[in-house]
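I opened the file and took notes as I went.

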Amino acid sequence: MSYKGYLVEENNGVFTSSIKNIDVPKIESNSVIIKVHYSSLNYKDALAATGAKGVVKSYPFIPGIDVAGEVIESTSSKFKIGDNVIATGYKIGMSVFGGFGEIVHLPDNWVVIMPKELDFLTSMSYGTAGLTAAACIKKITDAKCTDKLPVIVSGSSGGVGSVAIGILSKIGYEVHALTGKTSHEETLKEMGAKKILDRTQFMSDPVKALDKGIYSSAVDAVGGEILAKIISMISNHGVVSCCGNVAGPKFTTSVFPFILRGIQLCGIDSAESSIELKQELWNLLSNQWSLDLSNQTKIVDITEIEEEIDKILQGNQIGRVVIKHGE
Ligand SMILES: NC(=O)c1ccc[n+]([C@@H]2O[C@H](COP(=O)([O-])OP(=O)(O)OC[C@H]3O[C@@H](n4cnc5c(N)ncnc54)[C@H](OP(=O)(O)O)[C@@H]3O)[C@@H](O)[C@H]2O)c1
C-alpha cells in the first residue's frame, strides 16, 4: 500500500520537491499509523521544505510538523483504530516523515486524542503556531500579569502572533500588535488588536537599558533587537514569552529589567513540551481560549503549498495556512 506525500529531495545541495507515491511503513510497537486529513504550514516547515540547515536530518524527506487525522493501525494500548488524533512537534517533520504526506507512522507518546470540541480543520487552524501562542500566554496567565496595562505581540500578523492576539483579547487583555504590515491594520483589529504599532517606527529610537514600562507582558515571535526593545518596556513583574527568531537569533539587553522590575524572560519550546502540557493546551484551545479562525485561515491542497512556503519565508503570510489531504 502506498500514499501520496510532498517529498523534498536533495541533489548536490539543490533542493527540489514533488508529490510522490511512498510505501506505507510497517508498524512498530507502541505506535500508530494515522491517515492524515489535515496538516498545516509553520515557519519551521518552510525551512524544512527548502533545506535550511539544522531542521531536517537527511533528505529525501516529507516535512509537516502538524498532523490531524484518524488512527488506521495501532499497536498501542492508548489508541484504537478510528480514534481521531492530533500530533505536533517532537521529531515529526524533522526526522520522522510528517503531515505533508497522507500517512504518518508515530510513537504513541507523541499523539493526543483530539478534544471532542475540535475537528480536524479547526485543530490544524491552530496547529503548532496556535499551540505555541497558547504556551506563551500560559506563562503570562500563570504569572498573573496585570490586565491594567496592554500586552505587546510581535510578528503579529503571522501564525503565532495572530492566534496570540485572538486569545489575549478574548481573555481580557488589551493587545498592541507590532507589525511590518501596517496596511493590514483592519485585519489585525478584527483579530482582536486594539492598537497597531509600525515595526520600523517602533525600532526607530535606540534600545535603552530601561525604557518606560508601558506593557504588562509580551508574546515575542521574532527575537533580535525587537525582543531587546520589548524587554526594556515591560512593567514590574511582567513576562516576556520568547518563541521565535525571524528577526534574528541575537539580542543585547541589560540586567535592569530583571533586577529593577523583576520581569521574567520565558523561553517556549512547544515541539519538545511534555505530552501532558500539549493536552492541557489543546483543552484550553478547545474551551476557554477557543477562537473562530476561519477568517484568518487559508485552506490549500498539498499541490499548492510551494507558493505558501515562499510567502512565509518572506514574512508575507497572514494568519494560518492549513493543508487538506485527499477528498
Ligand atoms: N519555540 C517554539 O516552540 C516555536 C513554535 C512555533 C513557531 N516558532 C517560531 O516563531 C516564529 C514565528 O512563527 P510563525 O509560524 O508565526 O511564522 P509566520 O507565520 O511567518 O509569522 C512570523 C511573522 O513575523 C514577522 N516578521 C517576518 N519577518 C520579520 C523580520 N525580519 N523582522 C521582524 N518581524 C518579522 C511577520 O509579521 P508582521 O509583518 O506582522 O510583523 C511574520 O508574519 C518563527 O521563528 C518560528 O520558528 C517557535
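I call a residue buried if 20 or more other C-beta atoms lie within 10 Å of its own, exposed if 12 or fewer, and partly exposed in between, with C-beta atoms placed from the backbone. This is a predicted model, where local features need pLDDT of at least 70, side-chain atom pairs count only at pLDDT 80 or more, and totals for chains, interfaces and linings use all residues. I number residues from 1 along each chain as its sequence is written.

**Helix 9.** Helices (H or I, at least four residues) and strands (E, at least two) are DSSP runs, numbered from the N terminus. I looked up helix 9, residues 305–313, and found I305, I309 and I312 buried. Seen down the axis, these buried residues fall within an arc of 70°, so they line one face of helix 9. The arc is that of the directions from the helix axis to the C-beta atoms. I then checked what covers them: the cover includes strand 1 (2–11), strand 3 (31–41), helix 1 (43–49), strand 14 (297–301) and strand 15 (320–324). G315 follows helix 9, and its phi is positive, near 75°.

**Helix 8.** I checked the length of helix 8 (residues 275–286) next. Its 12 residues should span 16 Å at 1.5 Å a residue, and the end C-alpha atoms are 16 Å apart, which agrees. The expected span is 1.5 Å times one less than the number of residues. K278, L281, W282, L284 and L285 are the buried residues of helix 8. They cover an arc of only 160° around the axis, which puts them on the same side of helix 8. Their cover includes strand 5 (84–88), strand 7 (111–113) and helix 2 (120–142).

**Core.** A nonpolar core is a set of buried Ala, Val, Leu, Ile, Met, Phe, Trp, Tyr and Cys residues joined through C-beta atoms within 7 Å. Which residues touch the most other members of the largest one? I found A133, A134 and A164, out of 99 residues. Helix 2 gives the most to this core, with 11 residues. I followed A134: leaving out residues up to four places away in sequence, it touches I167, L281, L284, L285 and W289. Contact here needs C-beta atoms, placed from the backbone, within 7 Å.

**Domains.** The bounds come from an automatic or database domain assignment. I noted domain 1 (2–114 + 293–324) and domain 2 (130–267). Their centres, taken over C-alpha atoms, are 29 Å apart. Domain 1 puts 10 residues into the contact, and domain 2 puts in 11 residues.

Methods
Two residues are in contact if their C-beta atoms, placed from the backbone, lie within 7 Å.
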